[in-house]
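This report walks through selected packing and backbone features of one structure. The sequence and coordinates are shown first.

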Amino acid sequence: MNLLKKVFLVDLFQGLWVTFRNQNPKYIYTEQYPAERPKVAERYRGAPRLNINPDNGETLCIACNLCALACPETLIVVTSERNETTKRKELTTFTYDTSRCMFCGLCEDACPVDALELTQDFEMATYTREGQIWDRQTLEEGPKPTQYKC
Amino acid sequence: MADEQKPGGSEAPPPSGSEAPKPPAKPAADAAKAAPPKPAAAAHPAPPKPPATMAATPWDSDLARELKTHFGEGITETSTYLGQNFLVAKPDSVIPILEYLKLEADFDYLVDVTAVDWPKRAERFDLVYILYSFSRNERIRIKTFIPEGFKPETATGVHLTANWLEREVYDMFGIEFAGHPDLRRILLPEEWQGFPLRKDYSILKQDDRWVQENLGIPSGQ
Amino acid sequence: MSDTTFLDSTELVLNMGPQHPSTHGVLRVILKLDGEKVLGTDCVIGYLHRGVEKIGENRTYAQFNPYVDRMDYVAAISNGLGYCLAVEKLLNVEVPARAQCVRVILTELNRIASHLLWLGTHALDIGAITPVFYCLREREEALKIFEKYCGARLTTHAFRIGGLQYETYDGFEQDIRDFNKWFLPKVDEYEELLTNNRIWVGRLKGVGVLNADECKEYGVTGPVLRAAGVKWDIRKALPYSGYEKYEFEIPTRENGDTYDRYIVRMQEMRQSVRIMAQAVEAIPEGPIMGKVGKVIKPPVGEAYVSIEAPKGELGYYVVSDGSTQPYRMRVRPPSFVNLQALDRMVAGGLIADVVAIIGTLDIVLGEVDR
């Protein structure tokens with residue numbers, strides 16, 4: 001029996017049958033990017049964004065600098081000035097260097113007011129190194145990748 | 001005498017790293033009693049605190065007694081901390097202790113060989129051997145304090161694992177092991193000068209000469 | 001070689017360079033050959049050395065957590081677990097039961113993902129191209145669960161010191177149950193493809209034998225040690241994070257050759273599914289974070305904690321001097337110590353065996369070099 005199995009390549013055909021079984025089109029797993037963009041999870045740690053209060057259009061950031069202190073790569077620089085009328089700190093500039101960012105999420109965890117959030121955007125390519133350093137405006141609006149028609 | 005470095009002795013962390021804010025809704029638990037927060041320490045002209053040491057308790061068991069009777073002077077301390085037993089030995093008795101533990105006490109698996117640099121201490125390096133015994137299911141640490149320039153004997157005669165582990169200790173700290181079959185740099189290139197894990201080697205430093213020669217970067221970084 | 005003529009010498013030195021499709025990363029192996037037979041090897045590593053231990057001395061405990069994933073980048077969650085356990089031991093803080101249970105589930109899923117990648121690439125090295133597609137497809141499902149849980153597929157940063165950051169998402173338990181049900185037949189499929197295949201058996205049986213004594217001498221741990229016959233697993237010997245509550249077996253084999261390591265890892269995948277099935281039924285309610293302050297400052301001291309990573313014993317030796325940054329952060333990488341045994345395992349084999357043996361050791365250069 002074993003000799004017959006050996007001569008007729010039974011074990012090899014067993015493996016080949018597995019491969020043929022998987023040729024069924026219902027098992028196709030390839031995602032045709034960029035025609036269909038992948039749906040990433042809700043908690044995906046992608047591009048950072050500075051959130052804006054929807055009611056009055058002002059930034060939610062209170063310039064507490066906790067995100068800058070939490071970052072392992074120290075790539076966030078927050079500057080603020082003191083507003084004499086409300087006696088509070090107001091955010092002036094917020095610089096985030098995405099080229100060094102490792103998307104660990106520590107800044108997002110540290111923010112007490114949920115102003116800094118890592119969104120689901122992952123298309124952040126730029127043509128220059130300087131383009132990777134995002135200022136406050138880019139952070140609030142988000143990256144705007146060119147949409148190509150396929 | 002496991003005299004650990006006093007807390008103020010570590011080099012000043014960069015300002016961004018001095019706090020590690022945790023996510024909200026956590027009780028602000030009290031941290032170590034040893035070191036007050038840095039700004040407060042700078043502001044206080046308080047009387048100098050004694051250096052905090054590891055709160056190790058003496059380790060008393062059959063194995064500890066056996067080792068103490070066999071080696072006497074060679075072992076200066078047997079303690080335990082957080083449930084992990086360790087003993088401090090004189091540099092010359094380390095290899096005999098390793099042999100004894102392997103042959104008599106069945107500690108046949110050398111888990112790790114590593115070193116710690118305490119630059120302000122006279123005996124600069126802390127050489128640590130971690131052993132494990134399959135039959136007893138026990139782990140033990142052997143520490144020894146060696147000054148700079150001292151060449152401890154290699155453990156490759158007792159455990160073959162020590163070959164690459166000691167090469168890494170040499171590569172990172174510059175501790176040469178006498179009798180090692182093949183002591184050369186393992187993680188860094190052969191011609192690199194300097195020993196990175198020493199405390200006086202800054203984290204941004206690279207061997208500029210090597211980088212310029214081999215990678216062609218004129219700035220050396 | 002200088003005083004023998006070129007035609008006389010039979011020994012050839014061949015460089016299996018850092019850029020090679022089968023060395024699983026940037027590993028350079030200098031082979032001394034006699035024809036096709038290998039007389040000796042010399043590994044040159046360090047091409048991926050990033051100085052993680054030095055970085056560890058310059059970051060706070062919480063800030064170092066993301067760096068840890070990048071060592072064994074294939075199975076990032078185990079690295080995070082080992083690191084968090086080590087710092088939690090130094091802080092002497094207890095992790096709540098719910099956090100422990102979720103940690104176990106994610107770690108076992110991570111073990112399956114790591115073994116799947118191992119199987120795919122190992123089979124690819126041997127020449128079987130099909131398994132890599134199937135294994136990576138299965139791995140996708142595991143990575144999807146990671147992504148839904150913590151936001152990243154590969155460098156997960158899933159655990160925090162003291163517990164978990166994220167609560168499990170809605171549908172986590174159902175996802176795990178679906179994964180278990182869907183995955184077990186796939187393991188049977190791989191076995192159908194490979195286990196009795198005469199090419200596979202011919203390439204793997206008797207190659208790279210490392211018996212139990214040699215394993216212990218070289219300090220080799222993980223599936224390599226278990227394939228040699230030593231029934232030892234840190235999850236059973238020195239349990240951590242609640243592993244003593246789950247029932248699972250430690251697969252072992254006797255010969256210690258490459259084929260046995262393949263069988264051991266396949267069995268480990270099945271046991272992981274078993275652990276996950278038990279754990280997901282028994283997730284307790286409760287907090288997910290232990291009593292850890294905002295600033296993590298362990299008292300002066302040191303601790304060595306090790307876990308059973310998919311590749312072997314991954315250990316962290318942390319020395320604290322009372323400040324917010326570790327004084328010494330030593331990582332004991334399983335792949336580094338296992339790679340030492342390459343020389344002994346290859347002795348007398350052929351070049352093709354070197355490829356098979358590097359594959360079976362399951363090394364990840366990120367861990368070897370740190």
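The model is predicted.

**Nonpolar core**

The largest nonpolar core has 180 residues. Those with the most contacts inside it are Cys67(A), Leu131(B), Val87(C) and Ile105(C). Helix 4 of chain C, residues 97-126, gives the largest share of this core, with 15 residues. Leaving aside residues up to four places away in sequence, Val87(C) touches Tyr61(C), Ile161(C), Ile296(C), Pro298(C) and Val318(C).

**Helix pairs in chain C**

| Helix pair | Axis distance | Crossing angle |
|---|---|---|
| Helix 2 and helix 3 of chain C | within 8 Å | roughly 150 degrees |
| Helix 4 and helix 11 of chain C | 9 Å | about 155 degrees |

The axes of helix 2 and helix 3 (residues 76-91) of chain C cross at roughly 150 degrees. That makes helix 2 of chain C roughly antiparallel to helix 3 of chain C, since angles over 145 degrees count as such. The crossing of helix 2 of chain C and helix 3 of chain C is right-handed. On the side of helix 2 of chain C, the residues in contact are Tyr61(C), Asn65(C), Val68(C) and Asp69(C). They meet Ala76(C), Asn79(C), Gly80(C), Tyr83(C) and Val87(C) in helix 3 of chain C. By class, this contact has 5 nonpolar, 3 polar and 1 charged residues.

Helix 4 of chain C packs against helix 11 of chain C, residues 258-281, at an angle of about 155 degrees. Helix 4 and helix 11 of chain C are therefore roughly antiparallel to each other. Their crossing is left-handed. Helix 4 of chain C contributes Cys101(C), Val104(C), Ile105(C), Glu108(C), Leu109(C), Arg111(C), Ile112(C), His115(C) and Trp118(C). Helix 11 of chain C contributes Arg265(C), Glu268(C), Met269(C), Ser272(C), Ile275(C), Met276(C), Ala279(C) and Val280(C). The contact of helix 4 of chain C with helix 11 of chain C has 11 nonpolar, 2 polar and 4 charged residues.

**A buried loop residue**

Asn58(C) sits in the loop between helix 1 (52-56) and helix 2 (61-69) of chain C. Because Asn58(C) has 20 C-beta neighbours inside 10 Å, it counts as buried. Not counting residues up to four places away in sequence, Asn58(C) touches Ile203(B) and Gln325(C). Asn58(C) and Arg328(C) are 270 residues apart in sequence, with a C-alpha to C-alpha distance of 9.7 Å.

**Chain B**

Chain B has 5 helices and 6 strands, in the order α-β-α-β-β-α-β-β-β-α-α along the sequence. Of its 221 residues, 35% count as buried. Among contacts in chain B with a separation of 6 or more, 50% are between residues 24 or more positions apart. Helix 5 of chain B, residues 208-215, is hardly covered, with 0 buried residues among its 8. Gly216(B) follows helix 5 of chain B and has a positive phi near 75 degrees.

Phe103(A) is not a glycine, yet its phi is positive, about 55 degrees. Phe103(A) lies in the loop between strand 3 (88-97) and helix 4 (106-110) of chain A, and is buried, with 20 other C-beta atoms within 10 Å. Asn92(C), also not a glycine, has a positive phi of about 60 degrees. Asn92(C) is in the loop between helix 3 and helix 4 of chain C, and is exposed, with 12 other C-beta atoms within 10 Å.

How values were computed. Residues numbered from 1 in each chain as written. Chains lettered and ligands numbered in written order. Predicted model: local features only at pLDDT ≥ 70, side-chain atom pairs only at ≥ 80, totals over all residues. Helix = DSSP H or I, 4+ residues; strand = E, 2+ residues; numbered from the N terminus. Contact = placed C-beta atoms within 7 Å. Axes fitted to C-alpha atoms, helices over the stretch in contact; angles between N-to-C directions. Parallel < 35°, antiparallel > 145°, perpendicular 65-115°, else oblique. Left-handed = near helix turned anticlockwise from the far one by under 90°. Nonpolar A, V, L, I, M, F, W, Y, C, P; charged D, E, K, R; others polar. Core = buried A, V, L, I, M, F, W, Y, C linked by C-beta atoms within 7 Å.
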